[in-house]
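Visitor: I'd like to learn how to read a structure like this one. Could you walk me through it?

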Amino acid sequence: MMNQKTRDEILLYWSEEADAAQEAKVQALLKSDPEARAYFEELGVFDALRDRLASLPAMTPSRSFAEGAVSEMLAERSGWRGIGPWISVAAVVIVILAAANMVWPSNEERRETVAREEIQEKGVVLPEVMERPRLSQRLFARERYATRFPKILIAQERARKLRIRLEKFPQL
Amino acid sequence: MDDSFLIRKYCNEGDGDAAIELLKRYERPLYQYIWQMLLQQQDCEDVMQETFRKALRALPNYREENHFKSWLFRIGRNEAVDIIRRRRRAVVAEAPEEYLGGVQDIVSLPGARELIEERESLEALTRAIALLPEKEKEVVAMRTQGELSFKEIAEIVGAPIGTVLARMHAAKKRLKSLLNTELDR
């Protein structure tokens, strides 16, 4: 009576996966043991199954799946490639706009600056709360104001002098 | 050109022809394996399409130490198993109708008797395959139609080689009793 190990070795031999030692052992067994020989012949059922199924028309693919899949994948890739440059351009534009917003003062900031100058010139003492810059300005605008400070000072001074001169002239 | 060369050509250079050549090498055995699992042409084609699609997407991450054929069969097996799990009714082998057409078409042909006997034999064959348990069926299909070694099959299904061989033994015994004299013709 064959054991499981022997059956496995016969199966590996039939599948041409047996190593040299197993091959020699099975070949000797097939010569001497009728039970092993019968078992080996029964494995022919798989060969017959393979041959019969392989000859069926339905077992032949109706079209090339490889070509279809590759075409689809390449089309997908070129689609992304087409959009890619536009995404890069959009990203650059966004960065430029953000940088411009940080460098140049907004209209609101300019109006606040002029309004503060006028108040100071008129000698109005503002309460501390009003003189103190807004929290947003303190947190985010300090550097911007620092870099622009000399230019603002110059502009302010010019504007102040111009207002003084204009006040001297009578209203027309 | 070996598989690794074709994979590099596709991944690095976007060479579609290399990818087609690579997949075509295994298209027929993979198709036959999946067909034997599903026994239904439409499902088989859907699985083939999805398997190749997933394989191409995952190819940049493919590790060359794995055998490409085993890797591809693993993807196909997973897709086929998903289909089987979604099915709610037993699979009826449809193959004989497709192979030989309706009976009316056959009767008038010369050699009609032999054709009808052939058809009945094929019905018996596909019915026997359908009656195999899934685990045995996939081992038989991978070995006979997919032409994979038992070692590769063990890697794909995630079982020890001894288990795979045991399933093959069991399938042999079952097929023999189901088919009896059919395969001796």
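**Reading the two chains**

Guide: Let's start with B:L39, which is buried, because 20 other C-beta atoms lie within 10 Å of its own. The cut-offs go like this: buried takes 20 or more other C-beta atoms within 10 Å, exposed takes 12 or fewer, partly exposed is in between, and the C-beta atoms are placed from the backbone. Bear in mind that this is a predicted model, where local features need pLDDT of at least 70, side-chain atom pairs count only at pLDDT 80 or more, and totals for chains, interfaces and linings use all residues. Residues are numbered from 1 along each chain as its sequence is written, with chains lettered from A and ligands numbered from 1 in the order in which they are written.

Visitor: What is the phi of B:L39?

Guide: Most residues other than glycine have a negative phi. B:L39 is not a glycine, yet its phi is positive, about 55°. You'll find B:L39 in the loop between α2 (16-38) and α3 (41-58) of chain B. Helices here are DSSP runs of H or I with at least four residues, strands are runs of E with at least two, and both are numbered from the N terminus.

Visitor: Is A:E16 buried or exposed?

Guide: A:E16 is exposed, because it has 8 other C-beta atoms within 10 Å. Its phi is positive too, near 60°, in a residue other than glycine. A:E16 sits in the loop between α1 (4-14) and α2 (20-32) of chain A.

Visitor: How many helices and strands does chain A have?

Guide: Chain A has nine helices and zero strands. Of its 172 residues, 11% count as buried.

Visitor: Where does B:K54 lie?

Guide: B:K54 is in helix α3 of chain B. With 16 other C-beta atoms within 10 Å, B:K54 is partly exposed. Its C-alpha atom is 7.7 Å from that of B:I75, 21 residues apart along the chain.
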